[in-house]
Amino acid sequence: MIELQESINHLNQSYVTNNIGVQIIFENISYTVKNKNYKSKNKSKDIISNNDGVSNIKNLKEITILDNISGIIQPGEMIGLFGPSGSGKSTLLDILAKRKSTGTISGKILVNGKEIGDGFKKYCSYVTQEDFLLQTSTVEETLKFHADLRLPDMNEKDKWKRVEQVLKDIGLHEKAKSKIGGILPGGTILKGLSGGEKKRVSIGCALVTNPSVLLLDEPTSGLDSVTALSVMKTLTSLTQKGVTVVSSIHQPNILIYSLFHQIMVIIKGRMLYNGPNVIGYFEKLGYKLPNNTNPADFCLDTSVEIQNKEDYNEICSQWEIEWKQSILEQSLNQTLINTSEIVYTNTSIFYQYKILMKRLFTDFYRNSGAFVTRLSSGIIIGLLFSACFGRLHPSQDDILKIAGVIFFILAVLALSPFTIVSLFLSNREIFNSERASKIYHPFPYYLSNITLEAFILFFVTLFITTISYCVNHLRWNFTSFIVTFVVYYFIIVCSDLLVITLTNVTGKSDLTFIYGTSIAIIYLLFMGFLIPVNSLPKSFFWLHYINPLHYGFATAMVIQFKDYELTCNPNQPCLYKNGNDFLNFYGFQDWTIQKGIPIIVLWLLFFFFCGYLALHKLNKEKR
Ligand SMILES: Nc1ncnc2c1ncn2[C@@H]1O[C@H](COP(=O)(O)OP(=O)(O)OP(=O)(O)O)[C@@H](O)[C@H]1O
């Protein structure tokens with residue numbers, strides 16, 4: 001008993017040197033999801049009415065994906081989860097890892113005899129089928145990132161020791177300083193690790209907490225047989241240290257098959273077999289392994305054959321009775337550590353922000369091409385249009401051109417953030433995967449991204465404003481310049497946040513462009529330059545109220561024209577004797593900087609929260 005308590009204490013201190021043995025028993029697990037194709041007019045036909053599979057499914061309100069599935073996973077064993085495609089392997093792994101965010105789950109999961117608790121996250125890790133890794137990070141940085149966020153109680157030195165140990169465990173000690181590599185947002189290819197090595201890094205990320213249970217969804221998919229074997233051998237070496245490994249797998253070769261201590265076979269959401277001798281069981285059912293046949297292939301072929309039989313449900317029910325009577329009874333009597341005492345602690349939001357900021361700036365530095373492109377396009381556009389307008393004078397001839405410069409700068413600032421759509425979408429997959437692992441809260445992630453964006457936009461705006469001021473000779477004094485810069489900066493950040501919101505809402509670049517450009521066109525049209533607000537048709541008048549660009553334009557115009565002396569040409573009619581007359585024409589005579597800037601800040605805050613809500617609530621990966 002004392003030994004068991006010591007193990008728990010070790011685990012609660014996070015830096016575990018020995019794995020606790022973890023047994024998982026799941027009993028009568030069912031998982032149903034709402035049928036999106038369900039037609040309400042078919043409500044009365046919930047009962048299957050004909051033999052056409054598609055129309056039958058349409059008649060069902062709910063689809064059962066797992067149906068009363070039970071099984072046992074013993075400590076320190078390697079379990080292979082077999083079954084035809086779509087049988088429910090990934091669903092079962094998701095449920096065991098507590099990662100299902102949709103549907104209804106019923107049944108019981110016992111970890112060492114006790115109901116699964118929150119501490120499970122501390123000693124269970126999950127490796128998804130796809131590798132979601134930041135391309136520009138090195139192997140050791142990737143592992144350290146996970147160590148920083150998953151081992152809150154450990155000091156820096158011990159975290160590095162842990163990273164070293166994991167590098168050895170996954171056999172990538174030599175590649176510690178290599179970049180992950182892959183296609184960067186924007187299309188540049190960064191040379192890095194092979195597919196097998198990336199998979200090892202994904203496994204390594206799961207291993208930093210020294211988990212006692214490792215769940216893997218098809219860790220060998222997309223790998224050649226040699227690499228697949230080497231990955232599976234790495235997993236086997238973990239079981240020798242006491243880790244329980246559960247892995248779904250498609251058609252492993254005989255060498256990989258022989259590494260499994262136990263096999264679970266699922267067909268159509270039901271458990272067909274769970275134990276060490278699947279071949280013997282199939283023989284009992286009348287299916288004999290032919291000579292020179294890979295047992296894994298035989299296993300899959302047989303399970304497909306059984307699932308196509310009309311009585312497959314009875315065969316599964318028969319197995320369940322057998323399993324409950326023989327295996328379950330014995331397993332319930334084992335003495336195991338009470339894992340319900342293990343607590344899971346998260347790192348603080350500030351610490352998460354710091355770690356995410358560090359990774360983001362390293363990524364930014366290493367992939368600064370996107371930044372240079374954004375900056376240079378800002379400079380080129382600024383130079384081009386400033387040169388077109390040329391040097392402007394406070395005269396009747398140039399007054400409209402000065403307003404045109406202000407309008408054009410705001411239009412450029414409103415449209416330029418569309419360049420970030422692909423960057424946000426590519427990082428979203430990594431975010432979704434890390435969020436599912438619950439290693440950080442979405443808020444510090446969002447805030448760190450906005451911080452970086454604000455940093456980049458600062459320079460873009462500074463260049464455009466300075467170029468325009470210098471070339472076009474706008475009203476010059478230091479305060480005017482600074483206030484104009486602040487207005488422009490807030491407007492570009494507003495547009496950026498709007499694009500981020502749309503990206504998070506739609507999740508697709510084409511939709512973001514369609515909605516974004518439509519909004520931008522409306523904003524530009526009702527900004528107050530092309531049609532002064534007091535000339536707007538009554539039915540559209542309200543549109544300028546919900547237009548941050550209008551407030552930006554009005555404020556920038558006031559900075560430029562309030563009490564501005566204008567010269568008149570004696571040979572031409574003098575339309576505006578001074579800047580105030582011109583502001584009057586646009587309906588900005590009562591507008592002030594003190595009114596404009598707070599309203600723009602409120603818009604900024606509004607888009608900031610919209611962007612966050614879209615990321616937090618609408619961007620959830622539905623599993
Ligand atoms: N949330 C969900 N909503 C609707 N259908 C779902 C949901 N989750 C899973 N399914 C369906 O349940 C079935 C089982 O899916 P699952 O991914 O678990 O199968 P699998 O055995 O892992 O398949 P594969 O080997 O091809 O990856 C599939 O038909 C899948 O489309």
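1. Two strands count as paired here if DSSP finds at least two bridges between them. The model discussed below is predicted.

2. By that criterion, four strands make up an open sheet with antiparallel pairing, and their order is S2-S1-S4-S5. Strand S2 (62-73) and strand S5 (114-115) are at the edges; each has a single partner strand, so one side of each has no neighbour in the sheet.

3. The pairing of S5 with strand S4 (residues 104-111) rests on two bridges, and these strands run antiparallel. Val-111 has Lys-114 in S5 as its bridge partner.

4. Helix H3 (residues 89-96) gives three residues to the shell around the ligand, the most of any contributor. H3 also lies across strand S1 (24-34), S2 and S4, and runs at about 115° to S1.

5. Around the ligand are Val-33, Ile-65, Gly-83, Ser-85, Gly-86, Ser-87, Gly-88, Lys-89, Ser-90, Thr-91, Thr-102 and Gly-103. What is the division of this shell into nonpolar, polar and charged residues? Nine are polar, two nonpolar and one charged.

6. Domain 1 puts 14 residues into the contact and domain 2 puts in 15 residues.

7. On the side of domain 1 that touches domain 2, helix H5 (residues 139-150) gives the most, with three residues. The residues of that side of domain 1 comprise six nonpolar, five polar and three charged.

Notes
Residues are numbered from 1 along each chain as its sequence is written. This is a predicted model: local features need pLDDT of at least 70, side-chain atom pairs count only at pLDDT 80 or more; totals for chains, interfaces and linings use all residues. A residue is near a molecule or strand if its C-beta atom, placed from the backbone, lies within 6 Å of it. Ala, Val, Leu, Ile, Met, Phe, Trp, Tyr, Cys and Pro count as nonpolar, Asp, Glu, Lys and Arg as charged, and the others, Gly among them, as polar. Two residues are in contact if their C-beta atoms, placed from the backbone, lie within 7 Å. Axes are lines fitted to C-alpha atoms, for helices over the stretch in contact, and angles run from 0 to 180 degrees between N-to-C directions.
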